Amino acid sequence: MENPPLPLSLESRVVLVTGGARRVGKAIAIELARRGARLAIHCNSSVEAARDLCALLEERYGTDAEPFQADITEDGAAEDLVDRVTRHFARFGDADDEHVGLIDVLVNSAAVWPEKPLEEFTADDARRCYEVNTLAPLLLARTAGLRMADQPTGGVVINLGDMATAHDGSPYPGYPAYHPSKAAIPGMTRALAIELARRNRRVRVNAVLPGPVICQHLPGEPEEPESRKQHARDVALVATPEEGGYGRAEHVAHAVAMLVENPFLSGVCLPVDGGGRLA
Ligand SMILES: NC(=O)c1ccc[n+]([C@@H]2O[C@H](COP(=O)([O-])OP(=O)(O)OC[C@H]3O[C@@H](n4cnc5c(N)ncnc54)[C@H](OP(=O)(O)O)[C@@H]3O)[C@@H](O)[C@H]2O)c1
C-alpha cells in the first residue's frame with residue numbers, strides 16, 4: 001500500500017514573520033518554531049519583545065531565532081530585510097541542504113488598524129494603511145517570492161487579511177481607512193500565486209482571513225478588555241473549547257501552519273472566524 005502524501009516538513013526551514021514580536025505574529029512564530037522551523041522575528045518598535053521571543057523559542061524548542069528590526073514602509077525595506085534574513089541563516093551552512101532554502105516561508109502579519117470615523121479620517125491615514133497593510137506585504141512577497149522561485153525547494157508566502165473585508169465578510173464601522181487596505185489581500189494573494197507558480201511550481205501563496213481573536217494567552221501579552229472578549233465571542237458562530245470560548249491568536253497560527261505544510265494548497269484565502277461570516 002502506498003504511503004499517504006506527506007505534509008511539507010518545517011524542520012530547519014527559514015521562516016520570516018513580519019510583526020512577529022507581538023500578538024498574532026508571535027502566535028504564528030511560536031507555532032512554526034514548535035514544528036521545527038528557524039525563525040526570523042521581524043519587529044519595528046517592539047525590539048525588546050522580539051528579543052524576548054527569540055530567547056523563548058530557542059529555550060523552548062531548541063531552534064534558531066533572531067530578531068530583525070525594520071520599518072517596512074521605508075524605501076528598499078523589503079530587499080534589505082530579506083537580504084539580512086537570508087545572510088543570517090545562510091551562515092549556518094544549510095544552503096547545501098537540498099530540503100532547506102535560503103528563505104522558505106514569509107508570513108506577512110505586520111499591520112496598522114487606526115480607528116477613525118468616516119467624517120474624520122484623512123488621506124494620510126488611508127495612505128499609511130495602504131503603505132503598511134498593502135504595499136509592504138506586496139513588495140516583501142515579491143522579494144521573498146522571487147528568491148523562493150530560484151530555489152529547487154520553492155517556498156510559501158502567507159498573507160494576513162481580515163475576514164471583515166472578504167467578499168462575504170462584513171466590514172465594521174469606525175475603520176474606513178483600514179478596510180480598503182486589507183480588502184486588497186485576497187486579490188494580491190491570488191495574483192502572486194499565479195505569478196510565482198509560473199516561475200517555480202513549488203512556490204505557493206495563501207492567505208488567512210481572521211475574525212477578531214484574543215491574544216492575551218500568549219507569553220508576555222497583556223490581558224484584553226472584557227468587552228473585546230465578549231465581542232470576539234458574539235461575532236463567531238461557534239464556541240471554542242478553551243476557556244472563554246472565543247477565537248485566539250493560536251487558532252490563526254494553526255491555520256497558517258496548515259497552509260504552509262500542505263503542498264497542494266495555493267491561492268487559498270481561508271477564513272478563521274469561527275463561522276462568523278455566516279452568523
Ligand atoms: N488581531 C485580530 O483580531 C485580527 C483580526 C483580523 C485581522 N487581523 C490581521 O492579522 C494580522 C496580525 O494582527 P495583530 O492584531 O497581531 O496586528 P497588530 O498588533 O495590529 O500589528 C502587528 C505588528 O505590526 C507591526 N507594524 C506596524 N507598522 C509597521 C511598520 N511601519 N513597519 C514594521 N512593522 C510594523 C508592529 O510591530 P512593532 O510592535 O514591532 O512596532 C505590530 O506589532 C494583521 O495583519 C491584522 O490585520 C488581526
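1. A word to start with: a crossing of two helices is left-handed if the near helix is turned anticlockwise from the far one by less than a right angle, and right-handed if clockwise. With that in hand, the crossing of H1 and H2 is right-handed. Please keep in mind as you read on that this is a predicted model.

2. Let us stay with this pair of helices. H1 and H2 pack with their axes 10 Å apart, at an angle of about 25°. Angles under 35 degrees count as roughly parallel, so H1 is roughly parallel to H2. On the H1 side, the contact is made by Lys26, Ala29, Ala33 and Arg34, and on the H2 side by Leu53, Leu57 and Tyr61. Sorted by class, the residues of this contact of H1 with H2 are 5 nonpolar and 2 charged, with no polar ones.

3. H1 has another packing partner to look at. Helix H1 covers residues 23–34 and helix H7 covers residues 249–261; their axes lie 8 Å apart and the two pack at an angle of about 50°. That angle makes H1 oblique to H7. The crossing of H1 and H7 is right-handed. From H1, the contact draws on Arg23, Val24, Ala27, Ile28, Ile30, Glu31 and Leu32, while H7 supplies Ala249, Glu250, Val252, Ala253, His254, Val256 and Ala257. By class, the contact of H1 with H7 has 10 nonpolar residues, 3 charged and 1 polar.

4. Next, the ligand, which brings us back to H1. How many residues surround the ligand? There are 25, and the closest are Gly19, Arg23, Val24, Ser46 and Ala111. H1 gives the most to the shell around the ligand, with 3 residues. By class, that shell has 13 nonpolar, 7 polar and 5 charged residues.

5. Now for the sheet. Strands of a sheet pair through backbone hydrogen bonds, either parallel or antiparallel. Here, an open sheet of 7 strands shows parallel pairing, in the order S3-S2-S1-S4-S5-S6-S7. Which strands are the edge strands? They are strand S3 (65–69) and strand S7 (269–272), each of which pairs on one side only. From one strand to the next, the twist averages 20°.

6. Strand S1 (residues 14–17) and strand S4 (residues 105–108) pair in the parallel sense over 3 bridges. In this pair, Val17 stands opposite Val107 in S4. As for what covers the sheet, helix H2 (residues 47–61) packs on the sheet and touches strand S2 (38–43) and S3, and the direction of H2 makes about 165° with that of S3. Helix H3 (residues 77–90) lies across S1, S2 and S3, running at about 155° to S3.

7. Finally, H3 also meets a helix. The axes of H3 and helix H4 (residues 123–149) cross at roughly 40° and come within 8 Å. H3 and H4 are therefore oblique to each other. H3 passes H4 in a right-handed crossing. The residues of the contact of H3 with H4 divide into 5 nonpolar, 2 polar and 2 charged.

Conventions:
Residues are numbered from 1 along each chain as its sequence is written. This is a predicted model: local features need pLDDT of at least 70, side-chain atom pairs count only at pLDDT 80 or more; totals for chains, interfaces and linings use all residues. Axes are lines fitted to C-alpha atoms, for helices over the stretch in contact, and angles run from 0 to 180 degrees between N-to-C directions. Helices (H or I, at least four residues) and strands (E, at least two) are DSSP runs, numbered from the N terminus. Angles under 35 degrees count as roughly parallel, over 145 as roughly antiparallel, 65 to 115 as roughly perpendicular and the rest as oblique. Two residues are in contact if their C-beta atoms, placed from the backbone, lie within 7 Å. Ala, Val, Leu, Ile, Met, Phe, Trp, Tyr, Cys and Pro count as nonpolar, Asp, Glu, Lys and Arg as charged, and the others, Gly among them, as polar. Two strands pair if DSSP finds at least two bridges between them. A residue is near a molecule or strand if its C-beta atom, placed from the backbone, lies within 6 Å of it.
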